[in-house]
Amino acid sequence: MGAEHAVIVGASHAAAQLGASLRQGGWEGKISIVGEEALPPYHRPPLSKAYLAGEKHSDEMLIRPAAFYARSGIDLVLGTRVTALDRANKVLTLHDGGTIPYTRLALATGARVRKLALPGHDLDGVFYLRDLDDVNRIRSYVGPGKSAVIVGGGYIGLETAASMRKLGMKVTVLEALPRVLQRVTAPEVSAFYSRVHSEEGVNIVTEAAVESLEGKDSVKAVKLADGTLLDADLVVIGVGVMPATELAEAAGLAVDNGIVVDEFARTSDPDIVAAGDCTNHHNPIYDRRLRLESVQNATDQAKTAANTLCGKLEAYHTLPWFWSDQYDLKLQIAGLSQGYDRVVLRGSSQSGRSFAAFYFRDGHLLAVDAINRPKEFMMARRALAAGQGADPARLADDTLEIQQAFL
Ligand SMILES: Cc1cc2nc3c(=O)[nH]c(=O)nc-3n(C[C@H](O)[C@H](O)[C@H](O)COP(=O)(O)OP(=O)(O)OC[C@H]3O[C@@H](n4cnc5c(N)ncnc54)[C@H](O)[C@@H]3O)c2cc1C
């Protein structure tokens with residue numbers, strides 16, 4: 001085993017878990033984590049939340065203290081981009097021309113932001129939000145009374161809006177579709193978030209077609225197709241991500257909206273596993289292939305991948321879950337709502353700040369969006385994982401204990 005070398009490409013949620021799980025699983029060979037960012041693996045979710053709002057220091061962002069890796073015999077090779085993967089010779093090429101040989105490889109390359117080729121996209125003050133560096137740059141532009149325009153009304157756009165309101169900024173969110181969060185939630189949940197953001201002073205514009213970003217050197221305004229001009233000291237674009245699959249693709253691994261992996265996180269090369277945002281995998285609970293963008297998936301799939309490398313084949317079988325924090329709202333999502341034909345609300349989405357939306361298809365519970373409803377989230381998560389049913393009428397009756405709604 002001494003000559004074995006497990007190399008993990010990418011140094012974020014999936015990589016941190018892979019490294020730790022390899023050691024726990026008895027991997028005795030060398031382990032290296034190679035990542036292009038400068039910092040050891042850090043928590044990405046606070047970037048649009050507490051870190052952007054200035055409530056967290058970068059020291060508090062690390063997933064594990066730097067000493068953990070040294071103690072566990074895991075080499076961190078940071079600030080280093082892997083540019084090529086030679087599967088025949090089992091060697092990686094780095095951006096500086098260096099090479100790293102491996103015996104087993106894990107791809108944890110995650111996702112990258114989708115860019116918009118808008119006129120003015122290269123002006124100063126125009127940002128995407130994925131990495132700590134992005135947010136450090138954004139933070140030098142924020143301040144009370146300044147105007148921010150956020151392009152994209154998904155979770156990251158809305159979280160960014162909430163953080164910037166906390167900082168006393170004027171905030172507009174531009175959403176191209178008829179409602180915010182349209183691709184991921186029911187109309188009731190979208191309407192709830194639009195209402196709360198309006199109550200908090202955010203200007204939400206739906207069906208917005210951005211024509212250009214205006215300014216000489218720095219952005220000064222955002223121009224819409226209908227001629228509207230919105231003042232902007234900064235613009236944050238949050239219109240989704242794409243899996244970082246170029247290494248895998250160039251090396252001839254199967255890629256189809258993510259690196260294709262089996263239930264043991266194996267790619268089409270038996271010596272290479274992959275985990276996290278970069279993968280496309282089969283979910284046995286929903287019986288379909290998925291590419292997920294969540295910490296839960298990155299962490300849990302990394303455990304499966306590490307087990308596989310340690311020779312312990314255990315199929316990846318977990319219920320997806322996710323969260324989003326905006327203002328005093330803690331949204332917890334269990335399951336996947338895509339394909340629902342009925343939504344059952346518990347509590348009011350039209351007033352107050354606490355309710356849950358349960359999604360059904362053909363009478364089967366698919367998912368829950370629980371806003372400031374941790375009990376509903378926990379019960380639904382447990383029921384979904386166990387394949388347990390739920391009674392829509394009881395779910396809707398907020399006077400009943402939530403436990404009574406599950407069959
Ligand atoms: C602002 C923000 C808020 C979020 N909020 C939430 C949330 O509330 N809840 C939730 O569940 N999820 C949230 N997410 C999603 C979550 O952060 C991701 O699902 C998670 O980070 C995925 O982890 P990963 O390890 O698969 O990949 P990533 O975190 O994308 O990391 C991949 C790493 O690999 C590196 N890399 C890529 N290619 C190479 C290469 N060739 N050589 C070297 N290094 C390479 C990249 O630089 C990157 O550091 C959020 C994401 C963002 C950006």
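This structure holds 28 salt bridges, a salt bridge being a side-chain nitrogen of Lys or Arg within 4 Å of a carboxyl oxygen of Asp or Glu. Keep in mind that you're looking at a predicted model, where local features need pLDDT of at least 70, side-chain atom pairs count only at pLDDT 80 or more, and totals for chains, interfaces and linings use all residues. Residues are numbered from 1 along each chain as its sequence is written, and side-chain values use heavy atoms, with hydrogens and water left out.

**Salt bridges**

- Let's start with Glu36 and Arg112, a salt-bridged pair whose closest N and O atoms are 3.3 Å apart. Glu36 sits in the loop between strand S2 (30-34) and helix H2 (66-71), while Arg112 belongs to strand S8 (residues 111-113), so this pair ties together parts that are 76 residues apart in sequence. (Helices, H or I with at least four residues, and strands, E with at least two, are DSSP runs numbered from the N terminus.)
- Both partners are partly exposed: Glu36 has a relative accessible area of 42%, and Arg112 has one of 30%. (Buried means under 20% relative accessible area, exposed over 50%, and partly exposed in between, using a 1.4 Å probe and protein chains only.)
- Asp134 and Arg137 form another salt bridge, at 3.0 Å from N to O. These two lie in helix H3 (residues 132-139), three residues apart, which is about one turn of the helix.
- Asp134 counts as buried at 14% relative accessibility, whereas Arg137 is partly exposed at 45%.
- Glu211 and Lys223 also pair up, with 3.9 Å between N and O.
- Glu211 is partly exposed at 38% relative accessibility, and Lys223 is partly exposed at 28%.
- There's a network too: salt bridges that share partners join Arg195, Glu199, Glu200, Asp328 and Arg353.

**Around the ligand**

- Of the 34 residues around the ligand, the ones that come nearest are Ser12, Glu37, Arg44, Lys49 and Arg130. (A residue is near a molecule or strand if one of its heavy atoms lies within 4 Å of it.)
- Arg112 turns up again here, as a nitrogen atom of the ligand is 2.9 Å from an N or O atom in its side chain.
- For Arg130, an N or O atom of the side chain is 2.7 Å from an oxygen atom of the ligand. With Val295, a polar backbone atom lies 3.0 Å from a ligand oxygen.
- Taken alone, the ligand exposes 1,000 Å², and the protein buries 97% of that. (Accessible areas come from the Shrake-Rupley method with a 1.4 Å probe; for residues, only the protein chains shown count as cover.)
- Which elements give two or more residues to the shell around the ligand? They are helix H1 (13-24), S8, helix H7 (295-309) and strand S22 (321-326).
- Domain 1 (5-112 + 242-309) and domain 2 (126-237) both give residues to the shell, so the ligand lies between them. (The domain bounds come from an automatic or database domain assignment.)

**Thr279**

- Thr279 lies in strand S20 (residues 279-283) and counts as buried, at 0% relative accessibility.
- The side chains of Thr279 and His281 are joined by a polar contact of 3.5 Å. (A polar contact is a pair of N or O atoms within 3.5 Å; within protein, one must be able to donate a hydrogen and the other to accept it, and residues adjacent in sequence count only if both atoms are side-chain atoms.)
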